[in-house]
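Below is a short briefing on one protein chain. Look over the sequence and the model, then read the notes by topic.

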Amino acid sequence: MERSTGYIIAFAAAVCLVCSVLVTSSAVSLKDRQVENKRLDRQKKILVLAGLMEKGEGIDTAEIDERFSDNIQAHVIDLKTGDYDPSADTGNFDQRKAAKDPSTSTAAPSNNSGIQRVPNQVLIYHVLENGEPVTLILPVEGKGLWSTMYGFLALAPDTTTVKGVTFYEHGETPGLGGEIENPSWTAKWIGRLAYDETWTPVLEVIKGTAGPVETDPTRIDGLAGATLTARGVSHLLDFWLGESGFSPYLEKFRAERSAS
Ligand SMILES: Cc1cc2nc3c(=O)[nH]c(=O)nc-3n(C[C@H](O)[C@H](O)[C@H](O)COP(=O)(O)O)c2cc1C
């Protein structure tokens with residue numbers, strides 16, 4: 001049976017319309033699940049960093065939430081003053097949104113991390129033992145070669161000894177810059193020092209091989225074939241450990257601890 005051109009065009013348009021409605025409605029209906037999965041992934045990364053979960057351990061959502069709420073305390077802090085904001089809703093705090101909104105962020109000073117705006121407040125975590133913080137988990141981010149790399153840096157309560165690092169989102173090349181996720185590389189960070197004795201940020205990823213923690217505590221092995229990503233990691237450390245990042249908060253944390 002011969003169909004007219006008009007019929008064929010109308011038929012094709014109807015098929016396109018039905019398909020686009022299907023794709024749009026599934027994207028919309030899956031949005032909440034995607035957001036929830038991202039939240040869970042971040043929580044898992046934090047639990048692993050805190051030593052409260054093995055990497056790849058199969059635990060369900062309820063167990064993740066339980067381990068998190070039993071051992072980890074979230075705080076929203078003011079970056080400039082280093083003060084806690086006890087009235088903030090830590091559960092729904094969206095740092096990326098805050099950084100984009102001019103009413104909740106400030107222009108970043110010139111930096112090598114590609115950071116344009118700094119949120120006035122950020123969400124950090126304390127890992128608790130007997131009610132006392134044993135690890136501080138701080139969000140960090142900055143440009144690599146291809147992408148913005150998002151991670152967490154874990155510091156001991158002395159605020160300088162590194163207890164771990166994790167990068168949970170980036171678009172660096174797998175096998176090259178993507179090695180920032182490799183546990184055998186991140187293991188090399190443990191025990192290194194973020195600051196010198198004047199509380200200036202000194203930790204850096206070098207090109208080549210760093211010495212042992214005992215004799216070369218402020219340098220971390222480079223990533224072969226990924227010097228530009230590695231440089232991005234050094235830059236983000238410099239930014240977030242500095243005055244525009246966590247330095248005021250960490251100073252207050254040390255002062256409060258030595259006073260108590
Ligand atoms: C397809 C492709 C992907 C690359 N991805 C990365 C990357 O993710 N991170 C990075 O630093 N360099 C990457 N590079 C290499 C950089 O262009 C550059 O050569 C490298 O960072 C230099 O590091 P090296 O001095 O350790 O060799 C990539 C190169 C190619 C061709």
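Helix α5 covers residues 227–241, 15 residues in total, and its first and last C-alpha atoms are 21 Å apart. That is close to the expected 21 Å at 1.5 Å a residue, where the expected span is 1.5 Å times one less than the number of residues. The model is predicted, so local features need pLDDT of at least 70 and side-chain atom pairs count only at pLDDT 80 or more, while totals for chains, interfaces and linings use all residues. Residues are numbered from 1 along each chain as its sequence is written. Helices (H or I, at least four residues) and strands (E, at least two) are DSSP runs, numbered from the N terminus.

**Helix α5**
- Of the 15 residues in α5, 12 are buried, which leaves the helix mostly covered.
- A residue is buried if 20 or more other C-beta atoms lie within 10 Å of its own, exposed if 12 or fewer, and partly exposed in between, with C-beta atoms placed from the backbone.
- The buried residues of α5 include Thr 229, Arg 231, His 235, Phe 239 and Trp 240.
- Strands β5 (132–143), β6 (148–155) and β8 (204–205) and helix α6 (247–259) are what the buried residues of α5 pack against.

**Ligand shell**
- Around the ligand are Leu 145, Trp 146, Glu 172, Thr 173, Leu 176, Gly 177, Ala 224, Gly 225, Ala 226, Thr 227, Leu 228 and Thr 229; a residue is near a molecule if its C-beta atom, placed from the backbone, lies within 6 Å of it.
- This shell contains 6 nonpolar, 5 polar and 1 charged residues.
- Ala, Val, Leu, Ile, Met, Phe, Trp, Tyr, Cys and Pro count as nonpolar, Asp, Glu, Lys and Arg as charged, and the others, Gly among them, as polar.

**Helix α1**
- Helix α1 (residues 5–49) has 45 residues and should span 66 Å at 1.5 Å a residue; its end C-alpha atoms are 62 Å apart, which agrees.
- A kink of about 40° is centred on Lys 31 in α1; the bend at a residue is the angle between axes fitted to the seven residues ending there and the seven starting there.
- Lys 44, Lys 45, Ile 46, Leu 47 and Leu 49 are the buried residues of α1.
- Among the elements that these buried residues pack against are α2 (61–71), β1 (72–78) and β4 (121–129).
- Gly 51 follows α1 and has a positive phi, near 75°.

**Strand β6 and its partners**
- Strand β6 is largely enclosed by the rest of the structure, because 6 of its 8 residues are buried.
- β5 and β6 run antiparallel and are joined by 8 bridges; two strands pair if DSSP finds at least two bridges between them.
- Lys 143 stands opposite Thr 148 in β6, and 4 residues lie between the two strands of the β5 and β6 hairpin.
- β6 and β7 also run antiparallel, with 6 bridges, and Leu 155 has Val 162 in β7 as its bridge partner.
- The hairpin of β6 and β7 has 6 residues between the strands, and Thr 159 in the turn has a positive phi of about 65°.

**Asp 101**
- Asp 101 lies in the loop between α3 (95–100) and β2 (105–107).
- Asp 101 counts as partly exposed because it has 13 C-beta neighbours inside 10 Å.

**Whole chain**
- The chain has 6 helices and 9 strands.
- Of its 260 residues, 30% count as buried.

Methods:
Two residues are in contact if their C-beta atoms, placed from the backbone, lie within 7 Å.
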